[in-house]
Amino acid sequence: GEEENTQQQTVGPQKIRLFDSVQCTYNILEQRPAQALMEARAAGMDVIIKEGLANGRALRHPTLLEVSRTMMGDGDDDDFCSPDQV
């Protein structure tokens, strides 16, 4: 439970936290750690995201491409923002 997590993150009688931050792979393709990252942030920890663009694979993801098409422009291909601008 939540109490166990708090105990695992602290040491000593004064409950000093072992870590101030967590680092994790998280992106449009890998979202399984979302809940754990939100819990870490709620506990006051810094969250460091690795592979935020999935080593470039996210730039070709259909959802990201669709969002980039709607972000700018009037439908002319020259006016769309590129996925890396989203």
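**Two residues of a predicted model**

Biologist: Is R41 buried, partly exposed or exposed?

Modeller: This is a predicted model, in which local features need pLDDT of at least 70, side-chain atom pairs count only at pLDDT 80 or more, and totals for chains, interfaces and linings use all residues. Residues are numbered from 1 along each chain as its sequence is written, and side-chain values use heavy atoms, with hydrogens and water left out. Buried means under 20% relative accessible area, exposed over 50%, and partly exposed in between (1.4 Å probe, protein chains only). Because its relative accessibility is 49%, R41 counts as partly exposed.

Biologist: Which residues does R41 touch, not counting those up to four places away in sequence?

Modeller: R41 is found in helix α2, residues 34–42 (a helix being a DSSP run of H or I, at least four residues). Contact means heavy atoms within 4.5 Å. With residues up to four places away not counted, R41 touches D46 and V47.

Biologist: What is the relative accessible area of N27?

Modeller: N27 lies in the loop between β3 (21–25) and α2. Leaving aside neighbours within four places in sequence, N27 is in contact with E51, G52 and A54. N27 is buried because its relative accessible area is 5%.

Biologist: Which backbone nitrogen does the side chain of N27 reach at 2.7 Å?

Modeller: A polar atom of the N27 side chain lies 2.9 Å from the backbone nitrogen of E30. At 2.7 Å, the side chain of N27 reaches the backbone nitrogen of L29.

Methods. Helix = DSSP H or I, 4+ residues; strand = E, 2+ residues; numbered from the N terminus. Polar contact = N/O pair within 3.5 Å; in protein donor to acceptor, adjacent residues only side chain to side chain.
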